[in-house]
Amino acid sequence: MQKKKELFKKFNRTNLARDISHAVSIKENILRKEIKEYIWPRLDFLHGSNKEKVYYIFEESYTETEWKDMISVHYINTSYNVKNTVMRVHLFGLPELKSDYYIGFFTLRKIDETQIMLSYIFPNWNNIRNEGQKLCVMSYKKSVHIMGKELWFHTYPLFVQDNITVACSQADIISLTLYLHHKYDYRRIRILDLNKSFSFRKKKLFPTAGLSPTQMIEIFNSYDIPIGYFATAEHSGKELSLTEIYYNYIDYIIESGLPIILGMSIKNFEERQQSHVVQIIGHTQQNRDEYIIYDDSGYFLKNSLNISGFVATVTWEQLKEHLDKKSFILYPIHEKVYMMYDDFKKAFDHLFRNSLELVNLEGKGLLDRNKTRYLLADNRIVKRYLKDKVLPIDKPNESLNEEIYRLLELDMPHYVWLCEVKIEGGFFVFIADPTLWKLTKKNIFYNTIPIFSNEHFGLLNYI
Amino acid sequence: MPIYLDNDFYKNIETEFKKYANDHEKLSERARIIAEQDEQIVEKAEESLEILETFGAIK
């Protein structure tokens with residue numbers, strides 16, 4: 001028992017600098033300065049206001065695929081003194097080897113020139129708080145092994161650029177596709193192969209100049225990851241304004257548990273304009289339009305919002321101010337979805353307008369279509385929700401129970417469209433088939449009546 | 001469960017949904033509406049690509 005306690009140290013710059021110094025032979029005072037400037041601000045979001053109560057376990061050597069790849073493609077040809085493993089630091093809220101206290105881990109690249117040391121951050125999003133509130137971040141279950149003990153946690157990985165082999169565009173691809181790989185079984189993109197995966201306007205590879213959006217799309221395509229994109233010049237007079245389109249797309253993609261790469265042209269403090277990408281990976285528990293943004297260099301957060309961190313909550317009102325003709329989004333789409341978001345919205349709108357009962361509820365103020373959520377979800381998760389959250393509700397109406405059992409027995413495609421409409425006292429849930437062609441004359445809805453639920457359907461939880 | 005979602009509501013809406021699901025004309029109308037929108041979507045996608053091609057490298 002005594003031995004286990006010695007594993008943990010208080011998480012502060014002095015202790016961490018001492019441990020790193022042993023591993024890389026850099027003086028502690030230099031490391032303290034570097035940690036303060038380059039590492040600490042990136043980790044702020046992990047411990048929130050409980051900085052004093054965080055403990056860590058230091059692993060001097062850990063094999064990380066991305067770092068090995070970076071060495072292979074570039075560092076092996078340089079005079080830098082590098083090691084092919086990284087250091088790994090596990091953070092805990094209490095000094096006990098339990099998932100309940102596990103905050104996640106980060107890795108540090110072993111190189112004899114600092115400033116580029118942080119490599120990966122794997123937060124346990126279930127244990128991260130923002131101003132005391134839980135965050136709804138898309139995640140997959142990952143395990144770590146410490147001293148023979150296996151801890152499971154919910155993570156979305158955050159990869160950090162070194163600006164030599166990897167800039168923000170590559171870093172976002174690496175982090176996003178690692179999530180897609182573990183969550184949805186898409187192919188994992190390796191840094192080792194990244195530069196072989198595009199040819200359009202290819203230039204000298206190192207030091208990297210970053211990637212253009214079309215090169216990013218080319219890379220996704222070469223790995224069979226279907227990718228959607230949206231960019232537009234402001235055009236008045238059309239059905240929706242530029243910002244409304246962004247708002248709707250961001251909402252549906254995030255609610256579907258799919259990350260977004262958001263590109264923007266940002267003016268820095270020296271008035272220089274630079275293109276940059278960040279990832280939107282979730283939202284706060286209180287507000288669907290208060291997004292969790294990962295900015296791997298902090299460039300957008302610092303220059304546009306004057307926020308010093310690298311992970312921040314950004315409201316829609318803040319974000320929309322920075323969307324213009326030089327903005328775009330890239331986002332993954334599930335392969336077997338053939339009826340896309342805009343078409344599904346139209347299809348639901350048509351069903352709605354053809355139901356006098358629904359129109360009447362709206363007329364009486366009992367139904368609010370402005371708060372409707374549209375999302376793609378795995379049919380198994382939808383069925384689990386129906387069985388565990390909707391079926392147990394005490395329903396005076398027998399046909400509702402029968403409908404739920406019918407839906408549970410129904411053979412559905414892997415991903416289904418789900419539409420959740422806010423009504424007085426709960427929600428109406430509609431489920432639809434996304435595999436039919438958009439111009440189909442078949443009925444795409446599985447429901448024969450709206451399903452009532454008093455609980456939200458959500459994919460951004462930690463089950 | 002809200003009291004306004006009574007048996008009558010469910011009976012009526014079930015009838016409406018069944019009618020809709022089997023109404024070829026209504027479903028053709030839906031297809032027409034989506035086809036009209038489709039023109040805009042194709043236009044939007046083309047416009048998006050053109051804009052994306054103007055972007056240089058992103059760092």
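One salt bridge is found across the interface of chain B and chain A. A salt bridge here is a side-chain nitrogen of Lys or Arg within 4 Å of a carboxyl oxygen of Asp or Glu. The partners are Asp38(B) and Lys438(A), whose side chains meet at 2.8 Å, N to O. Side chains of opposite charge can pair when their charged atoms come close.

The model is predicted: local features need pLDDT of at least 70, side-chain atom pairs count only at pLDDT 80 or more, and totals for chains, interfaces and linings use all residues. Residues are numbered from 1 along each chain as its sequence is written, chains are lettered from A and ligands numbered from 1 in the order in which they are written, and side-chain values use heavy atoms, with hydrogens and water left out.

The predictor gives the complex an ipTM of 0.96 and a pTM of 0.95. Chain B has an average pLDDT (the predictor's confidence in each residue, from 0 to 100) of 91. In chain B, 100% of the residues score at least 70. Chain A averages 92, and 95% of its residues score at least 70. Helices (H or I, at least four residues) and strands (E, at least two) are DSSP runs, numbered from the N terminus. Helix α1 of chain A, residues 2-6, has the lowest mean pLDDT, 55. Strand β18 of chain A, residues 415-423, has the highest, 98.

The interface of the two chains was then examined. Contact (heavy atoms within 4.5 Å) involves 69 residues of chain A and 44 residues of chain B. Buried area is the accessible area (1.4 Å probe) that two parts lose on being put together, summed over both. For chain B and chain A it is about 5,000 Å², with 63% on carbon and sulfur atoms. On the chain B side, Phe17(B), Ile58(B) and Lys59(B) lose the most area to chain A. Together they give 17% of what that side buries.

Polar contacts also join the chains. A polar contact is a pair of N or O atoms within 3.5 Å; within protein, one must be able to donate a hydrogen and the other to accept it, and residues adjacent in sequence count only if both atoms are side-chain atoms. Between chain B and chain A, 17 residue pairs are in polar contact, both residues at pLDDT 80 or more. Two elements of chain B, α1 (7-21) and α2 (24-54), each give two or more residues to the side that touches chain A. The largest share, 24 residues, comes from α2(B). By class, this side of chain B has 23 nonpolar, 9 polar and 12 charged residues. Ala, Val, Leu, Ile, Met, Phe, Trp, Tyr, Cys and Pro count as nonpolar, Asp, Glu, Lys and Arg as charged, and the others, Gly among them, as polar.

Chain A is divided into domain 1 (2-155), domain 2 (228-332) and domain 3 (341-453). These bounds come from an automatic or database domain assignment. The C-alpha centres of domain 2 and domain 3 of chain A lie 29 Å apart. Their contact takes 7 residues from domain 2 and 11 residues from domain 3. The two domains bury about 780 Å² between them, 46% of it on carbon and sulfur atoms. Tyr252(A), Glu255(A) and Arg288(A) supply 55% of the area that domain 2 buries against domain 3. Glu255(A) also meets Arg373(A) in a salt bridge (2.3 Å, N to O).
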